[in-house]
Amino acid sequence: MIPGLTPGRHKYLTIALFLLPSLAFLGLFTYYPIISSFYLSFFRSDPFTVKPIFVGLQNYIEFIHNPVFWQVITNNVIFAVATILPTMLLALCFAILIDEVALKSFFRGSLFLPKVVPYAALAMIWVFLYEPNIGPINRFLDLLGLPTIGWLGSSQSSLLAIIISMIWRNFGYYMLIYLAGLQNISRDLYDSARVDGASWLNRHLHVTIPLLGPSTLFVFVVSIIQSFKAFTQVQLMTRGGPGYSSSILIYYTYEFAFKFWKMGKASTLTSIMILMLIFLVILAFGFYGRRITYEMK
Amino acid sequence: MFTRAGKWVKYTILTIASLITLVPFYFTAIMAFKAPKQILSGRYLLPPLHPTVDNFLRVFGAAPFLTYLLNTIIVVTGILALQLLVIIPAAYVFARIDFPFSGAIFGLYVIQIMLPLQALIVPNYRVINTLGLVNTRLALILPFVGSGYCAFLLRQTFKQVPQSLVDSAVIDGCTHFGLIRHVFLPLAKPTLAVFALISVATHWNDYLWPLIITDNDSVRTLTIGLGMFVQHQSGADWGLLMAGTLFITGPLVLLFLLVQRSFIESFMSSGIKG
């Protein structure tokens, strides 16, 4: 700490001056919005009501009875799980592989590169790759003699198509986080495991993976948040369709707010999204419990 | 398992993976330089025999991409500058000064990391509307300034500064500002560089917020410009679309390739990890 610099009341003045600017921004654009969306979620507010009308829990109840809402929630869960698990698994495997070969920096760089592509550009690139007739993916399937797929245009595959593009973009980034974690694992542990006769697979299963716990938590939390932000791809690749087959919570919220201008319902969806995020993050931290305490110190 | 066969398996897997990550860039690039006729020809997935910049000229003719580029640069640098301006002092206080409730107050910053602004677009739209800032560049900047992520990273970094350095600077008569400027910031350079890149890449990427908060070309940024451009194109003019795509991606890819090695090294050694 900093002794003798600013004794007494001065100290608190300094602290206040140093903290207030950032706290003001946090308050105005994070905490006030959270409170105001919970508040407005109890009102009906749309282009047909002059002043918001208090309706209690009605917005929530209407969503609970709305099958589209449940489809969107299901999509969101599928989207999250089906992106997070493969992304993490690929990231982990490639981190371990890259750690054990020469040419590290080439492979690191090329696997990370998709991460710098803006989502709007990613969407366009993949719309082309998925193009049913001239798109390279279907051409490639055709070449192998496999049946081609409707990808973005089919309600069976639209969500999957977006998920694949997400995995492509992000696994290199998570791989880098795992690689950073790997640098912290002492080589001695591998040597003693080898002396004990542990195979390559066993060394990684029993040394690497447990010791990468904190990295895994970080990756998990970041990817949960990612899955709630995936608006750009949905809007540019499928507009949530066909039907609602690839709509996720953030897109659904956007439609309520800025297509139908139903701000009350949009606030309800926002509140549900905030609650889900908080719940998932608490769950993740609870799962890893103690490990994170030393990591966050 | 460091046998020759194991090694070849590893290289093969990594090479295939690299191909999968790099090939889409290749397609984007070759399409952007092809005339429409060539795209529909049989060898359309091979490099163009007669590369043309026509597509780029048509893109610039159809939408003000240079204005978008300028706006993007203003917005991303504005965000980064303000983030550092307000967060550096806060991170310094959290890292180096003891005071009651510091943990709880810092918690407000950490929670913010987990609540992306995208989730809060509806209430934030109302805030910006109340402030009368709809359709301004300022509206594209302000919501991102209070970055919990920046606070978290810098606090970690500032904590690692040796106390002896701080002590001697204090004896030399350094004030808080002097300490931050001459002791903490120089030592935090790698973290600052990594954060700067992440911040720029993140906000270069912003789409949803600009989509709802802007409604004319004079304030629009590249990503949203591309989105609008795409929606105004009828039919699939792939050369044109890929030229636009390449134009908004190119600067970031170049920036990354330039600083790749040092970025990855400092990314891995700074606090940005699990």
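In the predicted model, the axes of helix 3 (residues 67-99) and helix 10 (residues 213-229) of chain A come within 9 Å and cross at roughly 145 degrees; axes are lines fitted to C-alpha atoms, for helices over the stretch in contact, with angles from 0 to 180 degrees between N-to-C directions. Helices (H or I, at least four residues) and strands (E, at least two) are DSSP runs numbered from the N terminus. Local features require pLDDT of at least 70 and side-chain atom pairs pLDDT 80 or more, whereas totals for chains, interfaces and linings use all residues; side-chain values use heavy atoms, without hydrogens and water. Residues are numbered from 1 along each chain as its sequence is written, with chains lettered from A and ligands numbered from 1 in the order in which they are written.

The crossing of helix 3 of chain A with helix 10 of chain A is right-handed, the near helix being turned clockwise from the far one by less than a right angle. On the side of helix 3, the contact (heavy atoms within 4.5 Å) involves A:Asn76, A:Phe79, A:Ala80, A:Ile84 and A:Met88. These residues meet A:Thr216, A:Val219, A:Phe220, A:Ser223, A:Ile224, A:Ser227 and A:Phe228 of helix 10. The contact comprises 8 nonpolar, 4 polar and no charged residues, where Ala, Val, Leu, Ile, Met, Phe, Trp, Tyr, Cys and Pro count as nonpolar, Asp, Glu, Lys and Arg as charged, and the others, Gly among them, as polar.

Grid points are joined across faces, edges and corners, and a volume is the space filled by probe spheres set on the points. The count comes to 2 cavities of 30 Å³ or more.

The largest cavity holds about 60 Å³ of space. Helix 3, helix 7 and helix 10 of chain A each supply at least two residues of its lining, and helix 7 of chain A gives the largest share, 4 residues. Among the lining residues are A:Ile84, A:Ser223 and A:Ser227, which also take part in the contact of helix 3 with helix 10.

Of its 20 lining residues, A:Trp126, A:Ile137, A:Trp168, B:Ile20 and B:Pro24 lie nearest its centre. Helix 1 (4-32) of chain B contributes the largest share of the lining, 6 residues. The lining has 20 nonpolar, no polar and no charged residues.

In chain B, B:Ser147 lies in the loop between helix 7 (137-141) and helix 8 (148-159). B:Ser147 is buried, with a relative accessible area of 9%; buried means under 20%, exposed over 50% and partly exposed in between (1.4 Å probe, protein chains only). B:Ser147 touches B:Gln83, B:Ile87, B:Gln112 and B:Phe195, not counting residues up to four places away in sequence.

Technical notes:
1 Å grid on protein atoms, 1.4 Å probe; cavity = no way out; pocket = protein on both sides within 12 Å on 5 of 7 lines; lining within 4 Å.
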